Amino acid sequence: RTVDELEMITAFGLTMPGVPFIYYGTEIGMRQLHDLPQIEGAYKPRAGARTPMQWAPGANLGFSTAKPEQLSLPVDSATDAPNVETQEKDPNSLLNRTRRLTHLKHTEPALAAYAEFVPLFAQPDTYPYVFARASGKSVLLVAFNPSAQAATAQFEFTTEHKGFELLAGRAAVIKDEPGHLQLEIPAQSYTIYRVVLR
C-alpha cells in the first residue's frame, strides 16, 4: 500500500468510536513477512507480523547488534524497508503523519472514545463513508473514500455552523445548502473537518 493509503487506514482507526491501538511498526509501515519459521507464541502466519522493530538503517535495521542468525525472527531484508530514523527526518513520512493524527485524537474532544458518533452517508457498495463526531462544542465532519475515483455524497446536516476548517487529510469540495451538505472527496483519500459553530 502507498503511504497515503496507510495514513487513511490509520485515520479511520483514530476517528472511530472506542479506544484505538497501533500495533508496533504500523506507524512506519512495516510489512508482513512470509515463509518464516514457527516460533513460540505465534502460529506460523502471525510470525510475519512479529518481526523485530525497524529502528535505523544498517545491521538488523537497528534492532540488535547480534548476528542476524541469532535473532528469533529476521528483519525485513528489502532495500526499502522502512525504519524510524529515516522517517524521523521526513516531515511527510508515515511516522510523522501518524504523530499528527494521534495529536489530533488527543486534542479534539469530538474524538474521545465515547464522543457522539453519527453516520451521515453510509450506502452499500458506495463511497464516500461520511460521519460526524461530537462532544459539546467540538464537532467534526469526517469522510473516507478508498475507491479509485472521486466520490460525492449528499446528506442532511442541520447543525448550525459558519463554516468548516480542514484539520487533516485532503480538502474536499463542500457545497453548503440549507439543511444539507454535498461533499466531493478525491479518490483514495480522507478528510477531517472541524465544524465551526455559530
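1. F12 has a relative accessibility of 32%, so this residue counts as partly exposed. The classes are as follows: buried means under 20% relative accessible area, exposed over 50%, and partly exposed in between, with a 1.4 Å probe and protein chains only. The model is predicted: local features need pLDDT of at least 70, side-chain atom pairs count only at pLDDT 80 or more, and totals for chains, interfaces and linings use all residues. Residues are numbered from 1 along each chain as its sequence is written, and side-chain values use heavy atoms, with hydrogens and water left out.

2. The structure holds nine aromatic pairs. Rings of Phe, Tyr and Trp (its six-membered ring) pair if their centres lie within 6.5 Å; planes under 30 degrees apart count as stacked, over 60 as edge-to-face and the rest as tilted. The ring planes of F12 and F144 stand at 80°, with centres 5.2 Å apart, so this pair is edge-to-face. It links distant parts of the chain, since F12 belongs to helix 1 (residues 3-15) and F144 to strand 3 (residues 138-145), 132 residues apart. Helices (H or I, at least four residues) and strands (E, at least two) are DSSP runs, numbered from the N terminus.

3. F144 is buried because its relative accessibility is 5%. One aromatic cluster is formed by F12, F117, Y129, F131, F144 and Y190.

4. F157 and F164 form a tilted aromatic pair, at 6.2 Å from centre to centre and with 50° between the planes. With 6% relative accessibility, F157 counts as buried.

5. Where does A110 lie? A110 is found in the loop between helix 4 (94-107) and strand 1 (116-121). A110 has a relative accessible area of 0% and is therefore buried. Leaving aside residues up to four places away in sequence, A110 touches A115, R133, A134, S135, S138, V139 and L140; contact means heavy atoms within 4.5 Å. A110 and V139 are 29 residues apart along the chain, and their C-alpha atoms are separated by 5.8 Å.

6. The protein chain as a whole has four helices and eight strands. From the N terminus on, the order of these elements is α-α-α-α-β-β-β-β-β-β-β-β. Of the 198 residues in the protein chain, 41% are buried. Among contacts between residues at least 6 apart in sequence, 60% join residues at least 24 apart. Taken along the principal axes, the C-alpha atoms fill a box of roughly 65 × 35 × 30 Å.
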